[in-house]
Amino acid sequence: MAGGFGGPTGGEDFEGKITAIVVISCILAASGGLMFGYDIGISGGVTSMPDFLKEFFPVVYRKQQIPGLESNYCKYDNQGLQLFTSSLYLAALTATFFASYTTRVLGRRMTMLIAGVFFIVGTIFNAAAKNLAMLIIGRLLLGCGVGFANQAVPLFLSEIAPTRIRGALNLLFQLMVTIGILVAQLINYGTAKIKGGYGWRISLGLAGIPSLLLTLGAVIVTDTPNSLIQRGKLEQGKKVLKRIRGIENVDPEFLEILEASRAAIEVKHPFRNLLKRKNRPQLIITIFLQFFQQFTGINSINFYAPVLFQTLGFKNDASLYSSVITGVIMVLGAIISIYFVDKAGRRVLLIEGGIQMFLSHVVVAIILGMKLKDQSNDLDHGLGILVVIVVCSFVGSFGWSWGPLCWLVASEIFPLEARSAGQSVTVSVNMLFTFVIAQAFLSMLCHMKFAIFLFFAAWVFLMTVFVFFLLPETKGVPIEEMVDVVWREHWYWKRYMDDCEDDPKEKGHA
């Protein structure tokens, strides 16, 4: 496939065992995804709780209490309510640029520790909130934690994992995200039944558990050999490499990391380096993957699943129950992805997932267009169940494709000298468009009604075409060999690499 759309799938596979220390370290580091997922899942359930709305968003609460006052599509259209959800991602967008510096200078492990501290403080503010300002400050602090964690954890996982199972171990992060979402939905289902008006505080406060897990994990794990060697700790880096590979002869891999780190040390301006022609394919791929991921429409489901199901006519308990079902499906999707990612490859899963998500959006749009009007709801029980099934189909396909693989691909395609800055761009683009969708979705639902699903379907079609033609396959390629094995062999991107060889300014890095 070297000259085709997908690119090669081979490279030198270094010696090494799948050691217990690697598996344990990856599980502990991936707990950062647990916190990220919990934050995503908890906000939708909390914003549908009457006690929470009554205390912080009384205008939305009154809309709920008067039948017929608002369109079925506009019951939750409130910028303040959307800001509660989206403020986290705005903070994450800003924090990731600081996290790029700490990841490079202090290491992956220390950056994860900083993320854990932000998560703990943010959780305290949210659980103890007395007014909207405290609530937003808490969300902003959680957002800083997300920015630091999402910067460090995928890099940590990609660098510490053996090549042949790098995809599966990296996807532990996304599995933890989906488990976090599911746990949050289960907790919301329970706390919504608590009398006394404090159930939402328990939901927000229990975020302290995954926060502590990440902090503890960051204290226990060792930094990656790539990070240690890049920071000049050669002996420590080689010692760690021997421990995680379980063998004494790590010289080939050590020398490759050392060579990559020398190139990284020469780079004085990492973000300016990203703009060089030789890094342009990776930069374009990562920006578009993160942009497209948010325009699948998934976070409209994750953030607002209970709200969305209430809009469709489900009662409060039923809507929370339906969102728990989608959470279970997403976890199963992540497990499927872990199993197949190093067998089928990244491209196959992304293309199949795109086709399935496109069909799901179209079916939901047709059903809602026919049955759910502004002031009337003709959805009978059978059609309601069908909508839940189709939404589950959408969530499952996202769970094994665009959910985990956008983070995986972005974390493995950059050379070492551009990896930290590249991951920063990955996180910032993702958080920017997560913020946009979180802030705009309820207003879009109000104004576009059922057509919002056609809007997302169009984007899903475009992103599937993009993957088919422009995304190379990275399965089975050592992380420091991506340039030679992947980009130089791709039918389109190879021209950027070939031009670098002719450019004397870039020849030394090509």
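Predicted model: local features only at pLDDT ≥ 70, side-chain atom pairs only at ≥ 80, totals over all residues.

Reader: What does the same check give for helix 1?

Author: Helix 1, residues 20-46, has 27 residues and should span 39 Å at 1.5 Å a residue; its end C-alpha atoms are 39 Å apart, so this helix agrees as well.

Reader: What makes helix 1 "mostly covered"?

Author: The count of buried residues does: 21 of the 27 residues in helix 1 are buried. For the protein chain, 61% of the 510 residues count as buried.

Reader: Back to helix 22, then. Which of its residues are buried?

Author: The buried residues of helix 22 are Ile452, Phe453, Phe456, Ala457, Val460, Met463, Thr464, Phe466, Val467 and Leu470.

Reader: Why are helix 15 and helix 22 called roughly antiparallel?

Author: Their axes cross at roughly 155 degrees and come within 10 Å of each other. Angles over 145 degrees count as roughly antiparallel, so helix 15 and helix 22 receive that label. The crossing is also left-handed.

Reader: Which residues meet where helix 15 and helix 22 touch?

Author: From helix 15 come Ile285, Phe288, Phe291 and Phe292, and from helix 22 come Trp459, Met463, Phe466 and Leu470. By class, the contact has eight nonpolar residues, with no polar and no charged ones.

Reader: How do you know that Phe292 is buried?

Author: Phe292 lies in helix 15. The relative accessible area of Phe292 is 5%, and buried means under 20%, so Phe292 is buried. Setting aside neighbours within four places in sequence, Phe292 is in contact with Trp402, Trp459, Met463 and Phe466. Phe292 and Phe456 are 164 residues apart in sequence, while their C-alpha atoms are 9.9 Å apart in space.

Reader: Why is Lys449 called partly exposed?

Author: The relative accessible area of Lys449 is 25%. Buried would need under 20% and exposed over 50%, so Lys449 falls in between and is partly exposed.

Reader: What makes helix 4 roughly antiparallel to helix 21?

Author: Helix 4 and helix 21 pack at an angle of about 175 degrees, with their axes 8 Å apart. The cut-off for roughly antiparallel is over 145 degrees, so helix 4 is roughly antiparallel to helix 21. The contact of helix 4 with helix 21 has 16 nonpolar, 13 polar and one charged residues.

Reader: How is Leu83 classed, and what does it touch?

Author: Leu83 belongs to helix 4. With a relative accessible area of 36%, Leu83 is partly exposed. Not counting residues up to four places away in sequence, Leu83 touches Ile136 and Gln439. Leu83 and Gln439 are 356 residues apart in sequence, yet 6.0 Å apart in space, C-alpha to C-alpha.

Reader: How do you know that Thr111 and Ala184 are buried?

Author: Thr111, in helix 5, has a relative accessible area of 0%, and so is buried. Beyond its neighbours up to four places away in sequence, Thr111 touches Ala99, Thr102, Thr103, Phe148 and Ala152. Ala184 is in helix 8, and Ala184 is buried with a relative accessible area of 0%. Leaving aside neighbours within four places in sequence, Ala184 is in contact with Tyr38, Gly41 and Ile42.

Reader: Finally, how many helices and strands does the protein chain have?

Author: The protein chain comes to 25 helices and zero strands. Among its contacts between residues at least 6 apart in sequence, 82% join residues at least 24 apart.

Definitions and conventions
Residues numbered from 1 in each chain as written. Heavy atoms only, no water. Axes fitted to C-alpha atoms, helices over the stretch in contact; angles between N-to-C directions. Helix = DSSP H or I, 4+ residues; strand = E, 2+ residues; numbered from the N terminus. Parallel < 35°, antiparallel > 145°, perpendicular 65-115°, else oblique. Left-handed = near helix turned anticlockwise from the far one by under 90°. Contact = heavy atoms within 4.5 Å. Nonpolar A, V, L, I, M, F, W, Y, C, P; charged D, E, K, R; others polar. Buried < 20%, exposed > 50% of the residue type's maximum accessible area, 1.4 Å probe, protein only. Expected span 1.5 Å × (residues − 1).
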